Amino acid sequence: MRDDSSRKNRASWLAGCALMAAACAAEAEPPFEPRYETERLRIGTSFEAEVCRGVMDVWEAQIDAIEAMLGISREYG
């Protein structure tokens with residue numbers, strides 16, 4: 001029972017983070033122009049410095065970890 005509760009708490013926390021991220025994105029000045037793309041991400045920045053490939057790899061790995069933790073997968077493409 002504790003495992004199920006812990007999983008629900010993590011899912012709720014992730015959902016909250018997603019909502020906050022969406023709210024932040026809504027405040028960004030349009031238009032969104034991605035500067036970088038990975039297999040599953042379109043990345044726009046508000047700064048001029050380059051984003052390292054290693055950082056984008058970490059973000060992709062985080063997507064993998066979240067999908068594995070929640071037991072879901074999203075189709076990309």
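# How the terms apply to this model

User: In which element is Leu14 found?

Analyst: Leu14 is found in helix 1. Helices (DSSP runs of H or I, at least four residues) and strands (runs of E, at least two) are numbered from the N terminus.

User: What kind of model is this, and how are residues numbered?

Analyst: This is a predicted model, in which local features need pLDDT of at least 70 and side-chain atom pairs count only at pLDDT 80 or more, while totals for chains, interfaces and linings use all residues. Residues are numbered from 1 along each chain as its sequence is written, and side-chain values use heavy atoms, with hydrogens and water left out.

User: How confident is the predictor in the protein chain?

Analyst: The average pLDDT (the predictor's confidence in each residue, from 0 to 100) is 79, and 81% of the residues score at least 70.

User: In what order do the elements run?

Analyst: The order from the N terminus is α-β-β-α, with two helices and two strands in the chain.

User: Why is Leu14 called buried?

Analyst: Buried means under 20% relative accessible area, exposed means over 50%, and partly exposed lies in between (1.4 Å probe, protein chains only). Leu14 has 16% relative accessibility, so the residue counts as buried. Across the protein chain, buried residues make up 13% of the 77 residues.

User: Which residues does Leu14 touch beyond its neighbours in sequence?

Analyst: With neighbours within four places in sequence left aside, Leu14 is in contact (heavy atoms within 4.5 Å) with Ile66, Met69 and Leu70. Leu14 and Ile66 are 52 residues apart in sequence, and their C-alpha atoms are 8.6 Å apart.

User: What makes Arg35 and Glu50 a salt bridge?

Analyst: The term requires a side-chain nitrogen of Lys or Arg within 4 Å of a carboxyl oxygen of Asp or Glu. For Arg35 and Glu50 the N to O distance is 3.7 Å, so the pair meets the definition. Arg35 lies in the loop between helix 1 (2-27) and strand 1, and Glu50 in the loop between strand 2 and helix 2, so the pair ties together parts 15 residues apart in sequence. Arg35 is partly exposed at 34% relative accessibility, whereas Glu50, at 60%, is exposed.

User: How many salt bridges does the structure hold?

Analyst: The structure holds five salt bridges.

User: How do you know that Arg40 and Asp64 form a salt bridge, and what does the pair tie together?

Analyst: The closest N and O atoms of Asp64 and Arg40 are 2.6 Å apart, so the pair falls within the salt-bridge cut-off. Asp64 lies in helix 2 and Arg40 in the loop between strand 1 and strand 2, so the pair ties together parts that are 24 residues apart in sequence. Asp64 counts as partly exposed at 40% relative accessibility, while Arg40 counts as buried at 16%.

User: Why is the link between Arg40 and Glu60 called a polar contact?

Analyst: A polar contact is a pair of N or O atoms within 3.5 Å; within protein, one must be able to donate a hydrogen and the other to accept it, and residues adjacent in sequence count only if both atoms are side-chain atoms. The side chains of Arg40 and Glu60 are joined at 2.8 Å, so the distance is within the limit. Another polar contact, of 2.6 Å, joins the side chains of Arg40 and Asp64.

User: Which residues are linked in a network of salt bridges?

Analyst: The network links Arg40, Glu60, Asp64 and Glu67. Within it, Arg40 forms a salt bridge with Glu67, with the closest N and O atoms 3.5 Å apart. That pair links distant parts of the chain, 27 residues apart, with Glu67 in helix 2 and Arg40 in the loop between strand 1 and strand 2. Glu67 is buried, at 14% relative accessibility.

User: Is Val55 buried, partly exposed or exposed?

Analyst: Val55 lies in helix 2 (residues 53-70), and at 35% relative accessibility the residue counts as partly exposed.
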